[in-house]
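Trainee: Could you take me through one part of this model closely, with its surroundings? I would like one connected account.

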Amino acid sequence: MMHWLVLNSLLNISSRGTDVVYIIIVSHGHDDYIENLLLNLKLPSGRFKIIVRDNKSSMVLKKTCEKNCVTYLHGGQYGFGHNNNIAVSYIINNFMIMNNDYFLFLNPDVFITSESLINYVDYIISNDYKFSTLCLYWDFTKSKHDYSIRSFPTLYDFLCSFLLGVNKSKIKKENILSDTVVDWCAGSFMLIHALSFLNVNGFDQKYFMYCEDIDLCMRLKLSGVDLYYTPHFDAIHYAQHENRRIFTKAFRWHIRSITRYILRKPILSYKNYRKITSELVKWLNKVLILLLKWYLYLKIFALYTNFLTPWQE
């Protein structure tokens, strides 16, 4: 997580009268998606500012951003959360954030019209929702839902998903007809009140990819910020899921992220949020996680030893 020193001075800033939405898009070789997205999004520049953080330093994407008068950031290759935090740091250093501004974390493979986005933002602000998402579909006919809202998962949920292909943490969006508070949403579309995001120090950068959105949603919830799912607004998500292919990088990233989340969840759930942010408790958390890891290793070693014993006899 990043610690923005500017936060304390920002908390007392009065409203400028006009909210600004900073749209942050992270690219991992998504040049074509972003080109199509920027061609479609024609938004008033005074109210919407788009920042593209390129993880691959593509000259094609750079030219596309320059052509569309979009801020282009590059340099270094990092995970999803880290890249988003870099974009937020740029915004803090180059713009005057007010207490009615928002960050929209938007995947490059999400399609939404300018009119729909403006109407959605107006609705969210009029209802004073500090954290929200909308209904994502996988196709333009809107017949296939992207189940991007879920309950906080347990280890059992992860195991069922990997071994049986059944994810019990998914929420049936078809049954939700009005604005509803949910546990977490995918990082593909998150509209977050800027100061609420800064208050929890943004994304945890120790997640390279996967589960960083769950972690962020949990910390926001513990800080008193509810996540609202608004079913009457929608967008299209051309999602590509490769993390279940064993022995791939994506699979290894997913396993590491799940391990970190599962080990951290009890700490986040049963400790007062403000106490967690103290340096002493952070150190104790690290010690506890280390002990839990060694406990798991010893259990696995014991099971392995018991398995070999009959053969050795």
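Mentor: Happy to. Let us begin with a term: buried means under 20% relative accessible area, exposed means over 50%, and partly exposed lies in between, with a 1.4 Å probe and protein chains only. This is a predicted model, in which local features need pLDDT of at least 70, side-chain atom pairs count only at pLDDT 80 or more, and totals for chains, interfaces and linings use all residues. Residues are numbered from 1 along each chain as its sequence is written, and side-chain values use heavy atoms, with hydrogens and water left out.

The part to look at is helix α5. Helices are DSSP runs of H or I with at least four residues, strands are runs of E with at least two, and both are numbered from the N terminus. Helix α5 covers residues 114-126, 13 residues in total, and reaches 18 Å from its first C-alpha to its last, close to the 18 Å expected at 1.5 Å a residue. That expected span is 1.5 Å times one less than the number of residues.

Which residues of α5 are buried? They are Ser114, Leu117, Tyr120, Val121 and Ile124. Seen down the axis of α5, these buried residues fall within an arc of 130°, so they line one face of the helix. The arc is taken from the directions that run from the helix axis to the C-beta atoms. On the face turned away from the buried side, α5 carries the exposed residues Glu115 and Ser126. Just after the helix, Asp128 takes a positive phi of about 60°.

Now to the aromatic rings. Rings of Phe, Tyr and Trp (its six-membered ring) pair if their centres lie within 6.5 Å; planes under 30 degrees apart count as stacked, over 60 as edge-to-face and the rest as tilted. The structure holds 17 aromatic pairs. Tyr22 and Phe103 form a tilted pair, 6.2 Å centre to centre with 55° between the planes. Tyr22 lies in strand β1 (residues 21-27) and Phe103 in strand β4 (residues 102-106), so this pair ties together parts 81 residues apart in sequence. Both Tyr22 and Phe103 are buried.
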